[in-house]
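Here are some notes for a colleague who is meeting this structure for the first time. Please read them with the model open beside the text.

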Amino acid sequence: MKKFIFLFSVLLIISFQTFAQQPEKQKKEKVYSFGMGIMNENDIGNFGIVVTNDLKIYLLRRFGVNPRLSYFQSLGLNTYDDGFSSYSAIFIGCGLFYSVVKNKKMEITINAGPSGVFGNSTNLVVALYENGKLVNQRFDNEYIRNMAYFTDLEFSWGKRKIVNTLAIKATGMYIFPEFLGIVYKIGFRF
């Protein structure tokens, strides 16, 4: 009986030690990046700049979550004799990403997810002339608060802590993307 108690105690201690070990926790990699680029708003036809902030949180080696905040402002290049059109918006989104290619030299990533679009659109509706002179203009001002989607194709390269990224961005509210652009971002791993 003493042998049985001793053997049972040894097995209990060994099994307890086996299950009591904490698995080695893998540190989640994160990359914060910000950048600027050019973008075209296709509803009114405004060309402008976009400023973007991203945080990539890797849940697995190639897959993760991507919260983001971006701002678009038309540059006023869409002016004409009777007036102008303008568009500005903030995009708040959170989606998923998957790295199609990931090695030490480069990473090719596809991002997609929902996005909220909050902004303002202004364009000329009517211009009235008397004797060849502009006497009155009427503009259409639209407040934009819509749910949308975003998709990106990103090409990243860089050293260990600093990541350079060239991204092709598309954001849409309907079937076709309303915003198309290209952005350069610099990122920091932590």
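Predicted model: local features only at pLDDT ≥ 70, side-chain atom pairs only at ≥ 80, totals over all residues.

1. On the overall fold, the protein chain holds 1 helix and 8 strands, and reading along the sequence gives the order α-β-β-β-β-β-β-β-β. Of the 190 residues in the protein chain, 33% count as buried. Where contacts in the protein chain join residues at least 6 apart in sequence, 57% of them are between residues at least 24 apart.

2. The largest pocket has a volume of about 700 Å³, and it is lined by 23 residues, of which E29, Y58, K102, R160 and R189 are the closest to its centre. Which strand gives the most to the lining of the largest pocket? That strand is β6, with 3 residues, while β5 (106-130) and β6 each supply at least two residues of the lining.

3. Two of the residues closest to the centre of the largest pocket, E29 and K102, also form a salt bridge with each other, their closest N and O atoms being 3.7 Å apart. This pair links distant parts of the chain, since E29 sits in the loop between α1 (2-20) and β1 (30-41) and K102 belongs to strand β4 (residues 85-102), 73 residues apart. Are the two partners buried or exposed, or do they fall in between? E29 counts as partly exposed because its relative accessibility is 26%, whereas K102, at 16%, counts as buried because buried means under 20% relative accessible area.

4. A search of the whole structure finds 8 salt bridges, and E154 takes part in more than one of those described here. The side chains of K56 and E154 meet in a salt bridge at 2.9 Å, N to O. Because K56 lies in strand β2 (residues 46-58) and E154 in strand β6 (residues 133-158), this pair ties together parts that are 98 residues apart in sequence. Both K56 and E154 are buried.

5. E154 also meets K185 in a salt bridge, at 2.7 Å from N to O. Here again distant parts of the chain are linked, with E154 in strand β6 and K185 in strand β8 (residues 179-189), 31 residues apart. Salt bridges that share partners join D54, K56, R68, D152, E154, K169 and K185 into one network, and within that network both E154 and K185 are buried.

6. Once its neighbours within four places in sequence are left aside, Y87 is in contact with E41, I44, N46, F72, Q73, S74, N120, S121, I144, M173, E178 and F179.

7. L75 is found in the loop between β3 (63-74) and β4, and it counts as partly exposed because its relative accessible area is 43%. L75 and G48 are 27 residues apart in sequence, with their C-alpha atoms 4.8 Å apart in space; leaving aside neighbours within four places in sequence, L75 is in contact with F47, G48 and I49.

8. The other loop residue is D43, which lies between β1 and β2. D43 counts as exposed because its relative accessible area is 52%, and exposed means over 50%. The C-alpha atoms of D43 and S121 are separated by 9.8 Å, the two residues being 78 apart along the chain.

Terms used:
Residues numbered from 1 in each chain as written. Heavy atoms only, no water. Salt bridge = Lys/Arg side-chain N within 4 Å of Asp/Glu carboxyl O. Helix = DSSP H or I, 4+ residues; strand = E, 2+ residues; numbered from the N terminus. Buried < 20%, exposed > 50% of the residue type's maximum accessible area, 1.4 Å probe, protein only. 1 Å grid on protein atoms, 1.4 Å probe; cavity = no way out; pocket = protein on both sides within 12 Å on 5 of 7 lines; lining within 4 Å. Points joined across faces, edges and corners; volume = space filled by probe spheres on them. Contact = heavy atoms within 4.5 Å.
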